[in-house]
Amino acid sequence: MGMERKLAPDHEVIVYRPSESFRWNVHDYPHHLAKWHHHPEYELHLIQASSGTMMVGDHVEPFSEGCLVLTGPHVPHNWMSDVPPGVVVPNRDMLVQFTPQFADRLCASFVEFEEISTLFDEAAYGLVFSGRTAREGAVLLRQIGEAYGASRLVLFLDLLTLLAARPSERRSLSRRLPTPARSQLEERIETALDYIRENYVSEIRLADVAALCGMEPTAFSRWFKKQTGHTFAKFVNRTRVYSACTRLMETDQPITDICFEVGFNNIANFNRQFAKFCEQTPSSYRRRTRMVATTVPPLAGDLRAGA
């Protein structure tokens, strides 16, 4: 079933932790990120509960629990569940997202990944999986969410191998390749993100970034949350915390020094924000990531730094 989409998809900004090559996530439905949108990353998307209508590229069809779909870069997509107003479906979506750069480096590093390279090529049209591939893929996807470090990466590679192994258990959805046009709004979000990346160690005022983007502060605040999934203040704090993660992994700097170097004004707030985003203290993050690093072979370690 095909359908022309006249509504332009929103551009979604995806943020990775420094210690991950790909992003794993779950969210409820309705959710502010559950919308008609696209992004530069590949996405493997599992519906864990409910049924409704999915749109992938120019294709529209019903979906049900267990629906597993891989979309390539900039393929617009959305899943709309048939639920009454006010009803929330917990953990409806489970997904992994990864950059084209990581996918290219992965395939270039291993000649054995020819089938996975073909899978990535076909994902430009959107792929829906069936049979054993869909069932076992869902199991592996859930296991990834419970894993960490090298084990997480190995499960991800197992998942890609599974998805590529049976071409008869996947079919293309969209009829056309995505042709994303860089909009003025996308240029604005890149302007805002670049400013945050370059200035997060100092005080950043929302009004200054809004003016840089040619928008009023209130409108910019709403628009920024729609594009990134975070309030402006939360995104700035997240950027600072993830910079701290890199320093904790790669240096022996005292944690107090790192706190001030990434833009926090006091150690109590730094610890609070770090726990919010990383679900552990800075000292335990340093111990855990260094312990994992010693167990990863050199080649896998290079891939782990990919996104």
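This is a predicted model: local features need pLDDT of at least 70, side-chain atom pairs count only at pLDDT 80 or more; totals for chains, interfaces and linings use all residues.
Six strands build an open, antiparallel sheet in the order β2-β9-β4-β7-β10-β11. Helix α3 (residues 131–146) lies across β2, β4 (42–47), β7, β9 (89–98) and β10. The angle between α3 and β7 is about 75 degrees.

A hairpin is formed by β5 and β6, with 2 residues between the strands. Glycine 57, in the turn, has a positive phi of about 60 degrees. Strands β5 (residues 52–56) and β6 are antiparallel and share 5 bridges. Valine 56 stands opposite histidine 59 in β6. Strand β6 (residues 59–63) is mostly covered, with 4 of its 5 residues buried.

Helix α4 (residues 149–165) has 17 residues. At 1.5 Å a residue it should span 24 Å; its end C-alpha atoms are 25 Å apart, which agrees. Its buried residues include Arg152, Leu153, Phe156 and Leu160.

The model holds 12 salt bridges. One of them joins the side chains of aspartate 10 and lysine 35, at 3.7 Å from N to O. Aspartate 10 lies in β1 (residues 10–11) and lysine 35 in the loop between β2 and β3 (37–38), so the pair ties together parts 25 residues apart in sequence. Both residues, aspartate 10 and lysine 35, are buried. Asp10, Lys35 and Lys226 are linked in a network of salt bridges. Another salt bridge pairs glutamate 122 with arginine 170, the closest N and O atoms being 2.8 Å apart. Glutamate 122 belongs to helix α2 (residues 114–122) and arginine 170 to β11, so this pair ties together parts 48 residues apart in sequence. Glutamate 122 is partly exposed, with a relative accessible area of 26%. Arginine 170 is buried, at 10%. Aspartate 93 and arginine 92 also form a salt bridge, with closest N and O atoms 3.0 Å apart. Aspartate 93 and arginine 92 are buried.

Arginine 240, in helix α8 (residues 232–250), is buried yet has no salt bridge. The nearest side chain of opposite charge, glutamate 203, is 8.0 Å away. Leaving aside neighbours within four places in sequence, the contacts of arginine 240 include Tyr200, Glu203, Val262 and Phe264.

Notes. Residues are numbered from 1 along each chain as its sequence is written. Side-chain values use heavy atoms; hydrogens and water are left out. Buried means under 20% relative accessible area, exposed over 50%, partly exposed in between (1.4 Å probe, protein chains only). Two strands pair if DSSP finds at least two bridges between them. Contact means heavy atoms within 4.5 Å. Axes are lines fitted to C-alpha atoms, for helices over the stretch in contact, and angles run from 0 to 180 degrees between N-to-C directions. Lys and Arg count as positive and Asp and Glu as negative; His and the chain ends are not counted. A salt bridge is a side-chain nitrogen of Lys or Arg within 4 Å of a carboxyl oxygen of Asp or Glu. The expected span of a helix is 1.5 Å times one less than its number of residues.
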